[in-house]
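Please consult the sequence and the structure alongside the points listed under each topic.

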Amino acid sequence: MTQVNAPMVGKVLSVDVKVGDQVKKNDVLVTLEAMKMQIKVYAPADGEVAEVNCNAGDVVSTDTVVVALK
Amino acid sequence: MVDWGNATSVALSGIISVFAVLAVLQIAVTVSGKVIEGMAKSQAEKQKS
Amino acid sequence: MNQLMTEIIDGLGVMHLTPGNVAMWLIAFVLFYLAIKKGVEPLLLLPIGFGVFAANFPLTGLLEEGGLFYIFYHYGIENELIPPLIFLGLGAMTDFGPVIANPKTLLLGAAAQLGVYAAFFGALFTGLFNVKEAACIGIIGGADGPTSIFLSANLAPHMMGAVSVAAYSYMALVPIIIPPIAKALTTKQERAMPMGMMRMPSKTEKIVFPVLASIVIILLVPKSAPLIAMFMVGNLFMESAVVDRLTDVARNALMNIVTILLGLGVGSTMTADSFLNSKTIGVFIMGVVAFAFATAGGVLLAKLMNLFTKNKVNPLIGAAGVSAVPMAARVVHNMGTEANPQNYLLMHAMGPNVAGVIGTAVAAGAFITAIL
């Protein structure tokens, strides 16, 4: 399982995938807001979304696993 | 007319000041970072024992 | 009776309106357009624009001794009160975490000051400016509004209007100025260089930093104290977390109040005679040179540093030394994502970005020391 952490402290604007989706490397998983800009979190590898651990509006940090892929 | 000697010394003193200040600050921050980290570790060890 | 009529007609401002006045009004309208329609730095360009507009009405007495705008200018800007107060607010908003986590980035903030000195010499080459004026043009390269105003109030008040409008306009143009230069100086591979997670500095480190920075900077360049001391006290307010009311007022109410007074005061110095001359065009041309060289300086030093260190940095973050905070960092982040979507440069780029603010304040202090 690949755990995808939030790359920096921010607020989740949108979760762009759901459990079961097939994603390819560099697909957008989650969009965060930090420093008044939108940061897209990209899939580090191909895979299927196993878990989605955040919702829009959550504040996440680098310890937070936002999505897990398998 | 431009006094190029004066201008060069102004610019040079400026560039040297900027780099010197930020280099010294870099060293100070790095050193103090290590000191603080060391103090935090020894405190954590004291608390464990 | 005739005399009374003459006096009344003579007292009408419209009788004394010059073409210069109207030209400055048009410039004010351009600033309004940029601020309102285009969203270019509205917090500064709108009050500056109105200061220009109002100051170019005849017979108002606004600029004479005792006049309203004279008071804003004389007691707020000429005596160097307001720019340091803005730095108080900025310090209370600035997170030095990325700098503390990677202190090498302080040097990138220094390297971006190359733009200051490139524009300084460029201005002298044109033959239009003396050393004091050239220094004020140079400081535009620091991409820092209050510092440019601080320095020009000190060295060349007649150019303050042009210098600050140029500084704020080019800060907003950073998304257009930085990318071409950063791309020209780096390979796609270098831009794709990943930077991992940043370490989070401890609260102690973040409290120690403003005190430490004050000691180092002010002992070495005492004339930077007005700006640096206020920057650091604001930061200490925020990081100590024990004076939230002060932090809140510093970054909000106080900041907003002095921004209004600063904008109006600066704008009011832009009268037709002081602005409509070849020097102003020189300022705007050299301003681009300043920003371009600042970008180049940061990127090139980052590449140079990478030759000597194990913890390499993505050279793009050097471009964030152009201290338009946080715009330059955002631009760098986007360039990084374009080259490598797995790269999240934003927080790393904030290091040089805020270091650049310190660098510019030091450069200003150094100019004052060397010139006055």
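The model is predicted. Chains A and B do not touch.

**Interface of chains B and C**

- The contact involves 35 residues of chain C and 25 residues of chain B.
- About 2500 Å² is buried between chain C and chain B, and 88% of this area lies on carbon and sulfur atoms.

**Interface of chains A and C**

- Chain A and chain C bury about 1300 Å² between them, with 75% of that area coming from carbon and sulfur atoms.
- Met35(A), Met37(A) and Tyr42(A) provide 46% of the area that chain A buries against chain C, more than any other three residues.
- Across the interface of chain A and chain C, the rule likewise gives 0 salt bridges.

**Chains A and B**

- The nearest C-alpha atoms of chain A and chain B lie 20 Å apart.

**Helix α17 of chain C**

- Helix α17(C) covers residues 253–268, 16 residues in total.
- From its first C-alpha to its last, α17(C) reaches 23 Å, close to the 22 Å expected at 1.5 Å a residue.
- The buried residues of α17(C) include Met255(C), Val258(C), Thr259(C) and Leu262(C). The stretch Gly263(C), Leu264(C), Gly265(C), Val266(C), Gly267(C) and Ser268(C) is buried as well.
- Cover for the buried residues of α17(C) comes from elements of chain C including α3 (42–55), α4 (68–78), α5 (82–91), α10 (145–155), α11 (160–172) and α16 (244–251).

**Helix α10 of chain C**

- Helix α10(C), one of the elements covering α17(C), is itself largely enclosed by the rest of the structure, because 10 of its 11 residues are buried.
- The buried residues of α10(C) are Gly145(C), Pro146(C), Thr147(C), Ser148(C), Ile149(C), Phe150(C), Leu151(C), Ser152(C), Ala153(C) and Leu155(C).

**Nonpolar surface patch on chain C**

- Met1(C), Leu4(C), Met5(C), Ile8(C), Ile9(C), Leu12(C), Val14(C) and Met15(C) make up a nonpolar surface patch of about 810 Å².
- One of the patch residues, Met15(C), is located in the loop between α1 (2–11) and α2 (19–36) of chain C.

Definitions and conventions: Residues numbered from 1 in each chain as written. Chains lettered and ligands numbered in written order. Predicted model: local features only at pLDDT ≥ 70, side-chain atom pairs only at ≥ 80, totals over all residues. Heavy atoms only, no water. Patch = residues over 30% accessible without salt bridge, like charges linked within 9 Å, V, L, I, M, F, W, Y side chains within 5 Å. Areas by Shrake-Rupley, 256 points an atom, 1.4 Å probe, with all protein chains shown as cover. Salt bridge = Lys/Arg side-chain N within 4 Å of Asp/Glu carboxyl O. Helix = DSSP H or I, 4+ residues; strand = E, 2+ residues; numbered from the N terminus. Expected span 1.5 Å × (residues − 1). Buried < 20%, exposed > 50% of the residue type's maximum accessible area, 1.4 Å probe, protein only. Contact = heavy atoms within 4.5 Å. Buried area = accessible area lost by both parts, 1.4 Å probe.
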